[in-house]
Amino acid sequence: MKKNFLKSVVMAVVLTAAAGIFSACGDDGGFVEGREINVISREDGSGTRGAFIDVMGIYVGGVDRTTVNAEIAPGTSHVLTNIAGDRYAIGYISLGSLNDTVRAINVGGVAATEANVRNGSYPLFRTFYLAVSDGISPLAQDFLDFMVSAEGQEIVERNYIPALESPSPFTGGGHEGTIVVAGSTSVAPLMERMREAYIALNPGVSIEIQSVGSGGGINAARDGMADIGMSSRDLREGELVYLNAIAVALDGLAVIVNNDNTATNLSPDQIHDIFVGEITRWNELD
């Protein structure tokens, strides 16, 4: 009798603890609006972070005011994975990297779509740049010419917004050799498509793409470790002393949440307040 009583007590404790764990994790089948907001941000040097904090007014007086409680993700894929697995998380990515594992929030009532970036109604967007020195090789210059040509901008248009309105047809080609392109993880998918199309025209060319973040790519181009740097933020005044910045595409920034999250629209002020830590719970977003 005593043994059965103890067994019942232990079982009750286990079930109570399990219920608490499931409730804490949100595994009860519903979104709990009183839960804390888990902020996901990118690492220092990320072009996506640089563009986001500039657009959202989080970078003020030379200070990045992103909340110290933010979880730092070292790349776009990490942001997507973290938010897909956490219904209380929020983060930001390139609009061109958006997929169905997460959901983009409307900003100020405007959907995060390419069309809305084009017509100027969606407020979060940035420019993709190619950073090059004055002394780049003829092969690197030819690849650069391809990317800003009519053919290259047609590739841009499949997922992003072309930076040039009336580009000229590509007239180069006939090169051989190797190019190193380094930088933004957001620009890298576009660069891979450019590589494929350019190599189809120039089979003797090899193009190595290194995803090291915008800051890393800019430094690599400056130091001669890469022929072309990829940046998803504006180059700073000190960087423009050594490099030229060539716009290749425009891209929206999507603020994303888990597919189970019930939030559908946030104002720019609400997004700002979440990422600086002034709004910390989902039920504060009234």
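Two strands pair if DSSP finds at least two bridges between them. In this predicted model, strand 10 (residues 177-183) and strand 11 (residues 205-211) run parallel and are joined by 7 bridges. Within that pairing, glycine 177 has valine 205 of strand 11 as its bridge partner. Together with helix 7 (residues 188-201), strands 10 and 11 make a right-handed β-α-β unit.

**Strand 5 and its partners**

Strand 5 also takes part in pairing, with strand 1 and with strand 13, as the table shows.

| Strands | Sense | Bridges |
|---|---|---|
| Strand 1 and strand 5 | parallel | 2 bridges |
| Strand 5 and strand 13 | antiparallel | 5 bridges |

Asparagine 38 stands opposite alanine 89 of strand 5. Isoleucine 93 has alanine 254, in strand 13, as its bridge partner.

**The nonpolar cores**

The largest nonpolar core has 43 residues, and Phe52, Ile90, Ile274, Phe275 and Trp282 touch the most other members. At least two residues of this core come from each of strand 1 (38-42), helix 2 (47-55), helix 3 (76-84), strand 5 (89-94), strand 13 (244-257) and helix 9 (268-275). Strand 13 gives the most, with 5 residues.

Apart from residues up to four places away in sequence, isoleucine 90 touches Ile37, Asn38, Val39, Ile40, Ile83, Val255, Ile256, Val257, Leu266, Ile274, Phe275 and Trp282.

**Helix 5**

Helix 5 (residues 138-147) is largely enclosed by the rest of the structure, because 7 of its 10 residues are buried. The buried residues of helix 5 are Leu139, Ala140, Asp142, Phe143, Leu144, Phe146 and Met147. An α-helix has 3.6 residues a turn, so residues three or four places apart point the same way.

**Glutamine 270**

Glutamine 270 lies in helix 9. Its relative accessible area is 16%, and buried means under 20%, so glutamine 270 counts as buried. The side chain of glutamine 270 reaches the backbone nitrogen of serine 267 at 2.9 Å. With neighbours within four places in sequence left aside, glutamine 270 is in contact with Asn265, Ile279, Leu285 and Asp286.

Notes. Residues numbered from 1 in each chain as written. Predicted model: local features only at pLDDT ≥ 70, side-chain atom pairs only at ≥ 80, totals over all residues. Heavy atoms only, no water. Core = buried A, V, L, I, M, F, W, Y, C linked by side-chain atoms within 4.5 Å. Buried < 20%, exposed > 50% of the residue type's maximum accessible area, 1.4 Å probe, protein only. Helix = DSSP H or I, 4+ residues; strand = E, 2+ residues; numbered from the N terminus. Contact = heavy atoms within 4.5 Å. Polar contact = N/O pair within 3.5 Å; in protein donor to acceptor, adjacent residues only side chain to side chain. Right-handed = clockwise from strand over helix to strand, strands pointing away.
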